[in-house]
Amino acid sequence: MILEVCNITKKFGGVTAIKDTSFNVKSKEIYGLIGPNGAGKTTMFNIITGNYSPTEGMIKFDGKRIDGTKPHKIVHKGIARTFQNIRLFKSMTVLDNILIAFDYQANYTYLETILRFPRFFKEEKRIKQKSFEIMEVLGISKYANEQATSLSYGNQRKVEIARALAASPKLLLLDEPAAGMNPNETQELAQLLFDIRDKFDITILLIEHDMKFVNHLCDRVMVLDYGKTIFEGHIEDAIKDKEVIKAYLGDFKHA
């Protein structure tokens, strides 16, 4: 298991957003975290990535406990994420948005940067080449010098994913990657995520509402409702589960 979420509870004052939730994600798996709005999915992402500390429970990544770790240190350990609402640097090009993710990996000192030592130029060349390799996989290299926010919605999503990949993660967290996409873009994204999993040798954990997308993509899913786990297993079984149907559609007995 690359990720172990153990009995996580998160309270905000008197409100319990997540209650005693556990799940494991296997290495190289594509795992879906699904559920209706307000179920606690993004809160779980924020706990895994260090933006929130759990009230109870623990999280292990690669066998080591990480709950309570600062977000930038979580990235250094090998976890990167995208957000439900696209967050790109508006004044920067596509290439610059990706290059910025290499900052902590650059193998030169501030002095070498100021004095422009040979190692600085060698490292900058390596990082730029790696950025183009990532863009090639995602099909956005032709937009390298364009302002990132001038691209279509689907391509802006790809830029955000490319920036996350530039951090060299072992685990990639995607928060509603197909949101706002048309059916053709969604189908293309599903194939792209398979390619990313295989070419970058990483594990993917995603939040998504598009059940057709999830069914095509995910090996396993966990369904949250009001912060509680109501199902874990394969998506084809989830869509037949009475508790899952009730969470999404309501209780017909009292409708």
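Modeller: Happy to, and I will begin with a term we shall need: contact means heavy atoms within 4.5 Å. This is a predicted model, so local features need pLDDT of at least 70 and side-chain atom pairs count only at pLDDT 80 or more, while totals for chains, interfaces and linings use all residues. Residues are numbered from 1 along each chain as its sequence is written, and side-chain values use heavy atoms, with hydrogens and water left out.

Colleague: Which residues does Asn155 touch, not counting residues up to four places away in sequence?

Modeller: Asn155 touches Ile140 and Tyr143 on that count. Asn155 itself is found in helix α6; helices are DSSP runs of H or I with at least four residues, strands are runs of E with at least two, and both are numbered from the N terminus.

Colleague: What makes Asn155 count as buried?

Modeller: Buried means under 20% relative accessible area, exposed means over 50%, and partly exposed lies in between, using a 1.4 Å probe and protein chains only. Asn155 has 13% relative accessibility, and therefore counts as buried.

Colleague: Why are α6 and α7 called roughly parallel to each other?

Modeller: The axes of α6 (residues 153–165) and α7 (residues 183–199) come within 12 Å and cross at roughly 15°. Axes are lines fitted to C-alpha atoms, for helices over the stretch in contact, and angles run from 0 to 180 degrees between N-to-C directions. Angles under 35 degrees count as roughly parallel, over 145 as roughly antiparallel, 65 to 115 as roughly perpendicular and the rest as oblique. The pair α6 and α7 is therefore roughly parallel.

Colleague: Which residues of α6 and α7 meet?

Modeller: From α6 come Gly154, Lys158, Ile161 and Leu165, and from α7 come Glu185, Glu188, Leu189, Leu192 and Ile196. By class, this contact has five nonpolar, one polar and three charged residues. Here Ala, Val, Leu, Ile, Met, Phe, Trp, Tyr, Cys and Pro count as nonpolar, Asp, Glu, Lys and Arg as charged, and the others, Gly among them, as polar.

Colleague: What makes helix α1 mostly covered?

Modeller: Seven of the eight residues of α1 (residues 41–48) are buried, and these are Lys41, Thr43, Met44, Phe45, Asn46, Ile47 and Ile48. After α1 comes Gly50, with a positive phi near 85°.

Colleague: Is Gly68 buried, exposed or partly exposed, and where is Gly68 found?

Modeller: Gly68 is in the loop between β5 (64–65) and α2 (71–77). Its relative accessibility is 47%, so Gly68 counts as partly exposed. Leaving aside neighbours within four places in sequence, Gly68 is in contact with Ser53 and Pro54.
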